[in-house]
Each structure stands twice: as structure tokens, then as C-alpha cells.
Amino acid sequence: MTDATSSSLFKKSPGGLEAGLQSRSFIARNPSVLIFIASLALFTLCVTVLAEGFGIGVISTSFVKTLGKTLCLCLVALAMDLVWGYTGILSLGHMAFFGIGGYAIGMWLMYARTELIVVESLSQAPLPPTSQEISDGIATQIFGVVGASEFPSIWAVAHSLPLQLLAAVLVPGLIAFVFGWLAFRSRVTGVYLSILTQAMTLALSLYLFQNDSGLRGNNGLSGLQNLPGLDAVPQAIVSLWFFWGAAIALGGGYVLCAWMVSGKFGSVLRAIRDDEARVRFLGYSVEAYKLTIFTFTAILAAIAGALYYPQAGIVNPAEIAPIASIYLAVWVAIGGRGRLYGAVIGAAFVSLLSTWFTGGQAPDINLGVYTIQWVDWWTILLGLSFVAVTLFAPRGIGGLFDLIENRRTPERHGADLGPDAGALREKEADT
């Protein structure tokens, strides 16, 4: 499995060993990838069989949506792990890119669904409606809640699904590129960079709360779970479609991330995390590496958001508030940063546990003088868990796999155990 120890740039290894590692296949060097993909495929198959859409109905449609949203959160946790766990950039703004992806797909969903309603309504008129009348009707339906009746300029391509999907990738990528270029070029690091990313998120959130932002202010975009033209398709099947999409995106994202961190590029990222100044002195363009990973992870987060919010049904500025990005960092820390599988485990564990506690499924505890209601105490429990992990288990849940691996007997196959030929061999060591 991919480890988060010191960078190989700072170590010297025998030429034969290094050549042997390079000659091995990607899967051989990263067995966790095959294990993860197989586990994800099995999980997807089990949910499909047990769901109401195509299976026997053991799992409800609402829980299928919860699982689909959880997979999306696992994908954005992967992005956070790359930028923080591997590169050392504690970004408190990646949920902003997550939200932008949701807004981008939500604009098309609202436009296309409203267009069908308006066209059907105007079809009863004595004269066929003009394209301008249809456009004005759509704008009034969407923006009437904020007292407007015209499309803002940012809705120029909302009628086109391909263009909106492109915007869901390009817009957050461009914002991340510009922000990263300015910050990394100025060599802002550490807590100052974290504050800057948090300030960017707060500024975006406050802007979206305004009614004249063009995105309906604090009302946000709603009704996203209704796919245009597919009203006859039950939500039980639609939820499975999005669940499959989230599973495919998570699997592809995991393989891509593992490939990035397994080679020289990943070694440089870990070296930047451990000793940025030394990497710069070695001749590497630290700013270029940081800008590349910051932009890439922003796009990955936006893709996760584009899949998440149609399952949630609504996106509003509160989803982009800085606290959401702080939660994201907590998930990765609990799962184990610097381990891709750790980020996935942390996001899935906390997300499902949060659903259980805040959904009223966890029983209240009556202490006589006071009753603990988990809906109110969940965030406190999460904060205490984060502190406990930081102090007592810095490797997170993913560190448990290290304990399992360390207990295994080394597979030396009779190789020398000492520096000299003929030193203690495996068979002798076992006796």
C-alpha cells in the first residue's frame, strides 16, 4: 500500500533494487489499488441487488442516495488527501470547488426542468410561443423568488448540458489555478496559506448569499433530484444511476490518484511536504508542482460535487461555508492522511456515522438530570474524535493496516538477512 513516509528523494537505494521496483507493474507496486477496486465493485453489486430499483428492496431509496452521496464525499476526501496528506498544503477551501461543481450541474437541471414546465404551460395559448417568450417564462419561474425576471450572464450556457459539464470542470480549475499561482508565486505557506484558502471560501460563500449573485441567493438551486424528461422514471432507479456514477468516479479517481503518487511525481510531492526548501535547492520547481496538484484536486472536488448535489436535491451557499472544508480536513485526519485508502475510510466512516447520529437513529441517553441528544452533541463528539486522533493516533484509522503489515513475517525466501553473504537466513531465523 502507498505509504506516507519520508520522500524517496532524500534516500539512496542500491541501483539493483531501484531498477527492480521500477520494472514492477503499477498494480504490483500498489496492491491497495486492486483491493480497493475489487471491494468497491463488490459493494456496488451488493447495494444494487439489495436496493428497491432493481433488487429485492432491502435497502431503501433514501439510503441508496445516502450511500451515493457518501461515495462522492470519499472522492473529495481523496482530493484533500492529495493536497494535504501528500503535499502538505492544508487547504480550507476545497469544499468551495465541490460546491461550484454542484452549482454548475444544478443550473442545467433547473433550466431544463423549468423549460419543460413553461413550454407545456404556453402550449395552451392560442398562438405558438416565441423563443423569447419561453426564455422570459423560464427566467421568471427561476428568479421570481428573488424578485428578478431576467437571466444573469452566468446562465448564458445553462441550456446546454455539455457546456455546463465543461463549466463544472473549467471554472473551479481556473479559480484554483489563479489563486494557486498568486499564492505559490508569493511563497505563502503554512497557516498563512490555510487562512487565505479559508478567506477565499468565505468570500465566495458571502457573495452567493446575495440575491443579485445570479444563483438565487440563500434559496440556492432546488429540485435537482428531478431529471428533465424522465419524470416517469422512479426515484428508486434514478438513485441507482447516480450511485453507479459516484462509484465509477471514485474508482477512477482512486486509480488516478494512486498512479500520481506512486511514481516520481508522488515522491516530489512528499518531499515538498517534508522539506520544501530542500526540494527547491535540489532544482525542482516547487511552485509548479504545488500549482499542478492544487488545480487537479480542485477539479476532482468539483466532479464530486457535480455528482453529489443531484442526489441531495439542493445546493445553497451554506454548503460552501468554511466549516464544510474544516469538516473535510477532519475526515481525512481521522482516516489517516497520506494514505488514499485512509481518506476514503475516514470520509465514509464519519459521513455514515453523522447520518446515524443526526438522523435521529441514535438513541438518546437519559442521565437523570440531563438527556444527551445526539443531534446536538454530534459535532462535539466529532471535534473530540479529531483531537483524540491527533494526539493518540496521528496515523488515523488507516494506521491499523500498518500494524497488520508489521506483524507479517518478511518474505525473504532464503535471502541474506545481514549485510554479508551467508548471514542469517530465513530458515535459520525461523528456528
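A residue is called buried when its relative accessible area is under 20%, exposed when that value is over 50%, and partly exposed in between, as found with a 1.4 Å probe on protein chains only. With that in mind, select Cys-72, which is buried, with a relative accessible area of 2%. The sulfur of Cys-72 lies 9.0 Å from the closest cysteine sulfur, that of Cys-74, which is too far for a bond. A disulfide is a covalent bond between the sulfur atoms of two cysteines. Taking a disulfide to be a pair of cysteine sulfur atoms within 2.5 Å, a search of the whole structure finds zero of them.

Residues are numbered from 1 along each chain as its sequence is written, and side-chain values use heavy atoms, with hydrogens and water left out.

Colour the chain by pLDDT, the predictor's confidence in each residue, from 0 to 100; the mean for the chain is 84, and 87% of its residues reach 70 or more. Over residues 11-19 the pLDDT is below 50, and this stretch has two contacts in the model beyond near neighbours in sequence, a contact being heavy atoms within 4.5 Å. Residues 426-431 also have pLDDT below 50, with nine contacts beyond near neighbours in sequence. Where pLDDT is low, the predicted coordinates should not be read in detail.

**The whole chain**

Switch to a cartoon view to see 17 helices and four strands; helices (H or I, at least four residues) and strands (E, at least two) are DSSP runs, numbered from the N terminus. Of the 431 residues in the chain, 45% are buried. Among contacts between residues at least 6 apart in sequence, 74% join residues at least 24 apart.

Leaving aside neighbours within four places in sequence, Thr-48 is in contact with Phe-54, Gly-55, Leu-240 and Trp-244.

Then move to Phe-296 in helix 12, which is buried with a relative accessible area of 19%. Beyond neighbours within four places in sequence, Phe-296 is in contact with Leu-82, Leu-256, Cys-257 and Met-260. Phe-296 and Leu-82 are 214 residues apart in sequence, yet their C-alpha atoms are 9.5 Å apart in space.

**A cavity and a pocket**

On a 1 Å grid over the protein atoms alone, a cavity is a set of points where a 1.4 Å probe fits but cannot get out, whereas a pocket is an open set with protein on both sides within 12 Å along at least five of seven lines; lining residues have an atom within 4 Å of a point. Grid points are joined across faces, edges and corners, and a volume is the space filled by probe spheres set on the points.

The structure holds one cavity of 30 Å³ or more, and the largest cavity has a volume of about 40 Å³. To find this cavity, select its lining: Lys-65, Gln-225, Gln-235, Val-238, Ser-239, Phe-242, Pro-310 and Gln-311.

Next, turn to the second largest pocket, which has a volume of about 650 Å³. Of the 23 residues that line this pocket, the closest to its centre are Leu-73, Tyr-308, Glu-319, Trp-331 and Ser-354. Among the elements that give two or more residues to the lining are helix 4 (61-86) and helix 5 (94-122), while helix 14 gives the most, with five residues.

Select residues 374-392, helix 15, whose buried residues are Trp-374, Trp-378, Leu-382 and Val-389. These buried residues pack against helix 13 (322-335), helix 14 (340-358), strand 3 (365-366) and strand 4 (371-372).

The tour ends in two loops. Arg-187 lies between helix 7 (161-185) and helix 8 (190-208), is exposed at 53% relative accessibility, and has a phi near 60 degrees, a positive value in a residue other than glycine. Arg-216, in the loop between helix 8 and strand 1 (221-222), has a positive phi too, near 65 degrees, but is buried, with a relative accessible area of 9%.

Definitions and conventions: Predicted model: local features only at pLDDT ≥ 70, side-chain atom pairs only at ≥ 80, totals over all residues.
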